[in-house]
Amino acid sequence: MAASESAPLPFHIALAGPTASGKTAAALEIARHHAVEIISVDSALVYRGMDIGTAKPTAQEQAAVVHHLIDIRDPLQAYSAAEFVRDAGALIHDITARGKLPLLVGGTMLYFKALAEGLDDMPPADAAVREALSLEAAELGWPAMHAQLAAVDPVTAQRLAPMDGQRIQRALEVYRVSGLPLSHFHATKAADRVAAPAGAVLISLEPTDRAWLHARIAQRFDSMLAGGFLDEVQALRARGDLHLDLPSMRCVGYRQAWEALDGLWPMAELRDKGIFATRQLAKRQITWLRSMPQRHVVACEADDAVSQVLRLVQAALDNKPLNGA
């Protein structure tokens, strides 16, 4: 993270990996051996009422070890990477003060990267996102795009005219690329940032065999469908105030189920579309991870993957910096 006047974060362990790589099981095993509290690093687990499609830890799993940043937002509300950095930073300090080890677990790589490197830099132009926005605006009109912007970045929307297509497009592009409103980049304050976690250790569960991960993704999506995922999405739809432009409803699986229920394609295609979208998510997550050279990689399909993770955690604790610095 960029330099800051704030104190460095205390020592903590981060466990990352693509979807279905076994992070939850490994985290619970770590908790069996060490006094930890888990901080969820997942942009979908923050939402209440979205349990099956997010593979949220069960009530029993959450009872076994304290979990944070789960069920903290209604699906109508957004939750940004900047908010995560603020919340996770405070939790890392609090958990350490209680004499426990903060264990960050999840697959939202933007959150991991934001905590480690900061979010001050304005994201560059993204041609694909910009083209998608242009096509969307051609269909819906700029006033409708302005309304979308108002939902995710009311500060910027307030200063832009509903027909100011160029600036609306850029503001939406920034949000879709970074997950942050443009106003955040215009008004970042040093006081809102935390210093680089010098004592952090990042362990990454990654597949050396993509077929193994693809099989796990398919198996998990089938389990979700059997476990009532469609009923969960129908209950969200029945509220009447949710729609596909919300970050919560854009989560993988939920978008595909919502569109199937809208009749955009036969329900029989939902499984294939959901699995494909989840594979694409995993591919993006792995790409993010490969941009983090400081990580310690464990092959998630290895028979002793959890044992390897435990050894890395113990080695990190044995070499833990004094005073978390």
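I began with helix H12 (residues 254–261): 6 of its 8 residues are buried, so the rest of the structure largely encloses it. Buried here means under 20% relative accessible area, with a 1.4 Å probe and protein chains only. Helices are DSSP runs of H or I, at least four residues, numbered from the N terminus.

Note on the source: this is a predicted model, where local features need pLDDT of at least 70, side-chain atom pairs count only at pLDDT 80 or more, and totals for chains, interfaces and linings use all residues. Residues are numbered from 1 along each chain as its sequence is written, and side-chain values use heavy atoms, leaving out hydrogens and water.

I listed the buried ones in H12: Tyr254, Gln256, Ala257, Trp258, Glu259 and Ala260. Their cover includes helix H11 (229–238) and H13; contact means heavy atoms within 4.5 Å. Just after H12, I found Gly263 with a positive phi of about 85 degrees.

Next I checked H10 (residues 210–226) against H13 (residues 270–290): their axes come within 10 Å and cross at roughly 135 degrees. Axes are lines fitted to C-alpha atoms, for helices over the stretch in contact, with angles from 0 to 180 degrees between N-to-C directions. Residues meeting there include Phe221 and Leu225 in H10, and Ile275 and Ile286 in H13.

Last, the cores, meaning buried Ala, Val, Leu, Ile, Met, Phe, Trp, Tyr and Cys residues joined through side-chain atoms within 4.5 Å. In the largest, of 64 residues, Ile39, Phe84, Leu104, Phe112 and Leu115 touch the most other members. Helix H3 (residues 81–97) gives this core its largest share, 7 residues. I also noted a second, separate core of 23 residues, including Phe11 and Ala305.

Notes: Helices (H or I, at least four residues) and strands (E, at least two) are DSSP runs, numbered from the N terminus. Buried means under 20% relative accessible area, exposed over 50%, partly exposed in between (1.4 Å probe, protein chains only).
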